[in-house]
Amino acid sequence: IMAIGGFSLQKGNIASGKTTCLEYFSKTSNIEVLTEPVSKWRNVRGHNPLGLMYQDPARWGITLQTYVQLTMLDRHLSTISAPVRMMERSIYSAKYIFVENLYRSGKMPEVDFAVLSEWFEWITQNITIPVDLIVYLQTSPQTCLERLKVRCREEEKVIPLEYLEVVHQLYEDWLIKKTSFHIPAPVLVISADDDMQKMLHQYEENREKIIAARNV
Ligand SMILES: Nc1ncnc2c1ncn2[C@@H]1O[C@H](COP(=O)(O)OP(=O)(O)O)[C@@H](O)[C@H]1O
Ligand SMILES: O=c1ccn([C@H]2C[C@H](O)[C@@H](COP(=O)(O)O)O2)c(=O)[nH]1
């Protein structure tokens, strides 16, 4: 999650509970919540780039990630309508986690990676992307796999535990070990393996830190 003004960006593995967390905050405070534009990734003018990417990442990885980058930028730049905004994932996680994973695993050709990287660098050097806090929902890959099965998105049925483990490691290297990429804001880590009741308790404990993100 990212908070702006305070603007917080929510980070976490696939099915770690980001949407659930944002829904809770949107119901309980004057916070604008931007969930991931995943419905667009599943349907752009009748095409499903998310599904295509999972079926054949080498062919469709660049297609999905180009569209993810555009839709994330659009979200980042949309007009803020409340004192605090929280946003699920970001243009940074798209590049540093998902594009990086496609490239490192040999599923994205070098030329596709180069073109996406040029776009990303142009955007981040020429456009200000406001972010005051990163909220990292830290889960085990096993928890994500269980929640993924419960959520049961058709496109994601092919995701094995190993994929979630690699995504987890990329997040850990970036936000916990701080050894991979630039981190655009301070990081608040919330352990997110617990059941819903315990998670709500943790959200309450961290509410002030998130709302006051500008002062973190
Ligand atoms: N703390 C939790 N305990 C058990 N199930 C959860 C918890 N948080 C979320 N879920 C369930 O796990 C699935 C994935 O959660 P979701 O919020 O959609 O994750 P994300 O947005 O990170 O992909 C959903 O079915 C949701 O109801
Ligand atoms: O840059 C990205 C961002 C997301 N994805 C995939 C990963 C998941 O299958 C969905 C998003 O789902 P959440 O469960 O809301 O995390 O989109 C991607 O491939 N590339």
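This is a predicted model: local features need pLDDT of at least 70, side-chain atom pairs count only at pLDDT 80 or more; totals for chains, interfaces and linings use all residues.
Some ground rules: residues count from 1 along each chain as its sequence is written, and local features need pLDDT of at least 70, with side-chain atom pairs counted only at pLDDT 80 or more. Side-chain values use heavy atoms, leaving out hydrogens and water.

Let's start with β4, residues 84–88. Strands here are DSSP runs (E, at least two residues) numbered from the N terminus. In β4, 5 of the 5 residues are buried, so the strand is largely enclosed by the rest of the structure; buried means under 20% relative accessible area with a 1.4 Å probe, protein chains only. In a regular strand, side chains alternate between the two faces of the sheet. Here V84, M86 and E88 point one way, while R85 and M87 point the other. Strand β3 (residues 31–34) runs parallel to β4, joined by 4 bridges; DSSP must find at least two for strands to pair. E32 has R85 as its bridge partner in β4.

Now for E88, which an unreviewed UniProt entry lists under "active site"; such annotations may be inferred rather than shown by experiment. How buried is E88? Its relative accessible area is 4%. Its contacts (heavy atoms within 4.5 Å) beyond four places in sequence include Q10, K18 and M72.

| Residue | Atom type | Distance |
|---|---|---|
| S16 | polar backbone atom | 3.2 Å |
| K18 | polar backbone atom | 2.8 Å |
| T20 | side-chain N or O atom | 2.5 Å |

Notes. Chains are lettered from A and ligands numbered from 1 in the order in which they are written. Buried means under 20% relative accessible area, exposed over 50%, partly exposed in between (1.4 Å probe, protein chains only). A polar contact is a pair of N or O atoms within 3.5 Å; within protein, one must be able to donate a hydrogen and the other to accept it, and residues adjacent in sequence count only if both atoms are side-chain atoms.
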